[in-house]
Amino acid sequence: MFSDKDIAHFSNLETPFYYYDLNLLRETLKVCSEAASTYNFHVHYAMKANFNDKVLAQVKQIGFGADAVSGGEVRKAIESGFANDKVVFAGVGKSDKEINYALDQDIFCFNVESLQELQVINQLAEKKGKVAKVAIRINPNVDAHTHANITTGLDENKFGINSWDMPACADILNVSANLEFVGIHFHIGSQITNLDVYKNLCVRVNEFAAWFEDRGLSVKVLNVGGGLGIDYHNPNAQIPNFEAYFKIFADFLEIKPHQEVHFELGRALVGQSSSLISRVLYVKNGKKKNFIVLDAGMTELMRPALYQAYHQIENLSQQAHAESVKYDVVGPICESTDCFGKEVLMQEAFRNDLIAIRSTGAYGEVMASNYNLRDAIVTVTSEDI
Ligand SMILES: *Cc1c(COP(=O)(O)O)cnc(C)c1O
């Protein structure tokens with residue numbers, strides 16, 4: 001929700017830009033941190049959701065670790081001041097260069113996604129005379145009931161090691177002198193709103209943990225990943241129910257005294273604390289369709305073009321007694337998928353009206369590109385106002 005002061009401030013600025021509500025971000029992080037502490041759970045923030053420096057500074061301050069999915073993110077985490085023993089590194093395609101860098105930084109753990117990767121990390125660690133801490137990312141074949149493009153834990157997905165490869169995995173761990181097995185890792189998808197999905201995950205985590213322990217491989221870390229969704233249809237509801245989310249794991253995981261539970265939340269922590277602010281360039285009223293053309297496009301916010309994601313769109317330039325009209329809200333990029341919403345019912349729009357595209361804190365700014373040679377994206381925070 002924007003105050004009149006926010007809107008007055010926006011109207012003096014060049015658009016488009018990402019606006020960050022740092023108060024809401026801090027509050028969200030605090031609520032999550034307190035809920036996690038109740039159960040002694042550990043959170044590593046999934047940096048790929050948003051690695052804006054101002055966001056990372058808040059995350060670091062609350063004491064979370066960092067979950068990186070590339071060498072660049074490992075570097076960014078370390079350079080942003082995250083303790084190296086609070087950095088975890090996942091990804092199906094870690095290059096030798098990335099692995100070597102992470103070994104040099106003595107990160108907490110590699111979340112390993114194939115048998116071959118396990119062998120490569122062992123070899124590279126041996127060359128450095130180091131022991132790499134590894135967790136096995138297991139593909140548990142649990143349906144996350146989310147959009148197909150952001151489901152990651154089914155047999156047909158590229159992520160993780162499949163259950164039938166676990167015996168080979170245990171064999172490699174047993175003979176690799178430069179690997180230290182710390183635990184098991186899962187991440188089954190993103191924007192998960194049906195919490196029952198996590199009950200199914202817990203059942204699988206318990207099975208795999210017991211399997212490893214039965215073979216003499218002590219599982220110290222149960223890393224259940226992230227994926228908790230936010231309510232894109234209700235951006236003002238704002239803070240996700242972290243308490244209910246964590247409680248499921250407390251209730252359904254069989255946690256042994258020597259085990260820690262780790263989470264990797266991204267979207268739920270940052271999603272609601274940002275909006276993309278844009279202006280109407282042109283209104284085109286047709287026979288079949290009405291279009292509003294914004295000065296922001298898929299180069300600033302790719303989610304709708306990439307996976308038909310919904311974002312609430314609001315006209316901030318309120319007109320008294322304005323009529324409601326259905327618009328296709330599009331950007332200026334030369335692609336037909338450059339569309340933020342079809343048949344969106346909103347108040348009649350005019351050139352230069354300020355438009356807010358809500359809930360853009362996660363997978364927004366980080367996916368911006370300069371396709372069409374667009375200007376670099378600008379960010380504004382609540383502290384600039
Ligand atoms: C993307 C990702 C996450 C975070 O997912 P969210 O849906 O943003 O919570 C966590 N862990 C891994 C390994 C990821 O790739």
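View 1. At 11% relative accessibility, Ser190 counts as buried, because buried means under 20%. This is a predicted model. Ser190 sits in the loop between β8 and α8. Its side chain makes a polar contact of 2.7 Å with the side chain of Arg267. An N or O atom of the Ser190 side chain is also 2.3 Å from an oxygen atom of the ligand.

**View 2. The ligand and its shell.** Which residues come nearest to the ligand? They are Lys48, Ser190, Glu264, Arg267 and Tyr363, out of 16 residues around the ligand. The shell divides into five nonpolar, six polar and five charged residues. The space taken by the ligand is the largest pocket.

View 3. How much of the ligand does the protein bury? Taken alone, the ligand exposes 390 Å², and the protein buries 94% of that.

**View 4. Ile188, in the loop between β8 and α8.** Strand β8 covers residues 179-185, helix α8 covers 196-214, and Ile188 lies in the loop between them. Is Ile188 buried or exposed? Its relative accessibility is 1%, so Ile188 counts as buried. Now find Gly160. Ile188 and Gly160 are 28 residues apart in sequence. In space, their C-alpha atoms are 9.6 Å apart.

**View 5. Asp328, buried in a strand.** Asp328 belongs to strand β14, residues 324-330. Its relative accessibility is 4%, so Asp328 counts as buried. What does its side chain approach? A polar atom of the Asp328 side chain lies 2.8 Å from the backbone nitrogen of Glu343.

View 6. Val283 lies in strand β11, residues 274-285. Its relative accessible area is 30%, so Val283 is partly exposed. The C-alpha atoms of Val283 and Leu195 are separated by 41 Å. Along the chain, Val283 and Leu195 are 88 residues apart. Lys54 lies in helix α3, residues 53-62. With a relative accessible area of 40%, Lys54 is partly exposed.

**View 7. The peptide bond from Thr15 to Pro16.** This bond is cis, with omega near 0°. Most peptide bonds are trans. Pro16 is in the loop between α1 (4-10) and β1 (17-20).

View 8. Most residues other than glycine have a negative phi. What is the phi of Asn40? The value is positive, about 65°, although Asn40 is not a glycine. Asn40 is found in the loop between α2 (22-38) and β2 (42-46). At 61% relative accessibility, Asn40 counts as exposed. Asp106 also has a positive phi, about 50°, and is not a glycine. Its place is in the loop between α5 (96-104) and β5 (109-112). At 44% relative accessibility, Asp106 counts as partly exposed.

Definitions and conventions: Residues numbered from 1 in each chain as written. Predicted model: local features only at pLDDT ≥ 70, side-chain atom pairs only at ≥ 80, totals over all residues. Heavy atoms only, no water. Near = heavy atom within 4 Å. Polar contact = N/O pair within 3.5 Å; in protein donor to acceptor, adjacent residues only side chain to side chain. Areas by Shrake-Rupley, 256 points an atom, 1.4 Å probe, with all protein chains shown as cover. 1 Å grid on protein atoms, 1.4 Å probe; cavity = no way out; pocket = protein on both sides within 12 Å on 5 of 7 lines; lining within 4 Å. Sits in = over half its atoms within 2 Å of the grid points. Nonpolar A, V, L, I, M, F, W, Y, C, P; charged D, E, K, R; others polar. Helix = DSSP H or I, 4+ residues; strand = E, 2+ residues; numbered from the N terminus. Buried < 20%, exposed > 50% of the residue type's maximum accessible area, 1.4 Å probe, protein only.
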